[in-house]
Amino acid sequence: MRPRRTAVTTVLALLALVAGAGVANASSTADATQTGDGNVTTFVAPGDTLEALRAGTATGVLTKRQRVALSDVLVVRVSTPGLGASVADQPGNTTTERFRALLSSPDATLTAVEITSGDDPPRAIDLTAEQLVVRRVDEDTFDLVYDTGRLRATDDTNGNGLADEGPGTAVAPVKVFEFEFTHDGVSAASSLGIFPAAVTFSTPPDDGVVLYPLPAQRLVGQTLLAPGTTLTVSLDGVGRPFSVERTTTVTGRQQSFANLTLDLADAPAGIPLAVTASLDGQRLRQTRGRLAELTASFTPVPTDAPRNRLRFRNVSLSSGGFLVVRNGPDGPLVANRYVAAGEYDSLTVQYRRPVTADSVVVTAYVDVDGDRLFEGGGIDRPFRRNGEPVSTVVDLEESTPATPGTRTDAPTTEPTTPPSTDTATAAPSSPTTAGTPSQYRITDASGDGFGPGVALAALLLSLAALARRD
C-alpha cells in the first residue's frame, strides 16, 4: 500500500512545485517558507559547472528553482542573522570546514527529509557529506554546493531529520524533500523535487516527433535540466541509412526547453525516426517519430463563373502550401492561394489574370521555406505522389474536369482544421518571367503553434518516472 500512497503524495507535491508555489508555501510568488530573517533558497546549474562553482569562479550560471535533475549541480543558499560570525568562530582552515563544524554543533542544523505518507520511516539526505563545498556569498549568506547525482539518503528512524549512520543509497527520483535550516533559534524551510535527467521531444500534434523533409523543421524538447546545459540530439532513421546530429543549449527559467531548427530538405520522406538526447555521452531518452510524407489532395468542381474562379472540395495538405492555377498546360500563372496544413471541405481560388486557354492546370505546391510567398520556379516545389506532381487539368468548356481530381491520402495523424469561412488571398499584380523565381504575397494564412504548459510538462516527466519505478 505504501508505494501507491507515496506516489500520490509525491505527485501532489510536485504539482505544487511546478506551479511555482512550493510545498511548504501557498504563496504564488515565494519559493520557500521563511521565518524571521532566515532564508533557504535552492538553485540549479549545469553539471559541467560544478568545479567552477566550487572554486567560486562561475558567474551567472545559477537558476532559482525548487526542482533539480540528478545531473545538475544543486546549490542550497542559507542565511540567518549572525551566521557569518558563527561560522568564523568554528575550527578549520576553510569556509567549508568551519561551516561543517557549525552543522555538527548544537547551534545549527541543516536537514532534508523526504515527504511521504507511507508507514516506513522517511529517508533523509546527508547534507554534511564529504562532497560538500561551501562558498561565502556575503556576510551572513553561504552557498552549499552539491553534485546532485552523488547525494545519499538513509532512513531517519529517530525522526530528527538527520540521516542515520551508514553509507546510504543514491536518491532515486521522483522524490520531494523538505529542506530546513536552523541557526541560533531562527529557522527557514523550502521544498525540493528531485527528477531524473530526461528530455521529452514532440511536435504538434502531441503524438511523437513528426517532421517533414523541409528546411527550418523545429524540434522541441521539454526537460527539467538546468538552463545552460549542453545536449547532443541525434535523429536516426529506423531501418534506413539516415542520421543527423546537432548540439543545443537548454533555455528557460521556470520551464526548460531544448530547441533545435533543422534543415531536412534532403531527408528521405516516409521513414520512422529515433530521436535521442545525450548528456556528456550518456543517452538520456529515446523518442520515436517519423519523417512524414508531404501529401496533398483536392478535387476541382464546376462553378457559375468558370473563367473567374475555381472552387475545390476535399482539400487536404499535410504541410502549408499553395494551390497554383496556370493558364493552360504551359501557360502563365493566373492565380494562387496559400493553404495552411489541414483538411478543408471547400475552398475557392479567384483568378487574378485573364484566362484565355480552354483549360487550366492546378498544382499543389509545398511552401518549403515557410514564408507564405509562392516562389514560382524557386524553392517551393510541388507535392508529389508516386514521383509525379499532385496536379490536374480542368477543362473550362465542360461542366466537369477533363481529368479526375488528383487524390492522395493525408497522414491520419495530421490535424483536421476546416475553416469557418472561405477567405480569398492577395494575388500577383504583374506577369512573371518564365524561369525566374517570382514572389506573390499572401495575406490570409494560419498555422499551428507550440506552447507546452509548465506544470503539465513537469507532471508528465514525473509520472513517467513513477511508472518506471513501480
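Visitor: Where is Gly92 placed?

Guide: Gly92 sits in the loop between α3 (83–88) and α4 (95–103); helices here are DSSP runs of H or I with at least four residues, strands are runs of E with at least two, and both are numbered from the N terminus. The model is predicted: local features need pLDDT of at least 70, side-chain atom pairs count only at pLDDT 80 or more, and totals for chains, interfaces and linings use all residues. Numbering starts from 1 along each chain as its sequence is written, and side-chain values rest on heavy atoms, with hydrogens and water left out.

Visitor: Is Gly92 buried, partly exposed or exposed, and which residues is it in contact with?

Guide: Gly92 is partly exposed, with a relative accessibility of 35%. The classes are buried under 20% relative accessible area, exposed over 50% and partly exposed in between, with a 1.4 Å probe and protein chains only. Apart from neighbours within four places in sequence, Gly92 is in contact (heavy atoms within 4.5 Å) with Glu97 and Arg98.

Visitor: How should I read salt bridges, and how many does the structure hold?

Guide: Side chains of opposite charge can pair when their charged atoms come close. The criterion is a side-chain nitrogen of Lys or Arg within 4 Å of a carboxyl oxygen of Asp or Glu. The structure holds 4 salt bridges. One of them joins the side chains of Glu51 and Arg54, with an N to O distance of 3.3 Å. Both residues belong to helix α2 (residues 50–55), where they are 3 residues apart, about one turn of the helix. Glu51 is exposed at 53% relative accessible area, whereas Arg54 is buried at 15%.

Visitor: Which elements hold Asp143 and Arg77?

Guide: Asp143 and Arg77 form a salt bridge of 2.6 Å, N to O. Asp143 is part of strand β9 (residues 141–147) and Arg77 of strand β5 (residues 73–79), so the pair ties together parts 66 residues apart in sequence. Asp143 is buried, at 9% relative accessibility, while Arg77 is partly exposed, at 23%.

Visitor: What is the N to O distance between Asp155 and Arg123?

Guide: The side chains of Asp155 and Arg123 meet in a salt bridge at 3.5 Å, N to O. This pair links distant parts of the chain, with Asp155 in strand β10 and Arg123 in strand β7 (residues 123–125), 32 residues apart. Asp155 is partly exposed at 32% relative accessibility, and Arg123 is partly exposed at 26%.

Visitor: How far from Asp156 is the nearest side chain of opposite charge?

Guide: Asp156 is buried yet lacks a salt bridge, and Arg123, its nearest side chain of opposite charge, is 11 Å away. Asp156 is located in the loop between β10 and β11 (169–170). Its contacts, leaving out residues up to four places away in sequence, are Val113, Pro121, Pro122, Arg123, Ala124, Gly161, Leu162 and Asp164.

Visitor: How is a pocket read, and how much space lies in the second largest pocket?

Guide: Rolling a probe the size of a water molecule over the atoms shows where empty space is left. On a 1 Å grid over the protein atoms alone, a cavity is a set of points where a 1.4 Å probe fits but cannot get out; a pocket is an open set with protein on both sides within 12 Å along at least five of seven lines, and lining residues have an atom within 4 Å of a point. Points are joined across faces, edges and corners, and the volume is the space filled by probe spheres set on them. The second largest pocket contains about 470 Å³ of space. It is lined by 23 residues, of which Asp126, Leu127, Thr128, Ala129 and Ala163 are the closest to its centre. β6 (108–114) and β10 (152–155) are the elements that give two or more residues to this lining, and β10 gives the most, with 3 residues.

Visitor: How do the residues of that lining divide?

Guide: The lining of the second largest pocket has 10 nonpolar, 7 polar and 6 charged residues. Nonpolar covers Ala, Val, Leu, Ile, Met, Phe, Trp, Tyr, Cys and Pro, charged covers Asp, Glu, Lys and Arg, and the others, Gly among them, are polar.

Visitor: Which residues does the cis peptide bond join?

Guide: The cis bond joins Pro173 and Val174, with omega about 0°. Val174 is in the loop between β11 and β12 (175–183).

Visitor: What is the phi of Asp184?

Guide: Asp184, which is not a glycine, has a positive phi near 55°. Asp184 lies in the loop between β12 and β13 (186–195) and is exposed, with 61% relative accessible area.

Terms used: Lys, Arg positive; Asp, Glu negative; His and termini not counted.
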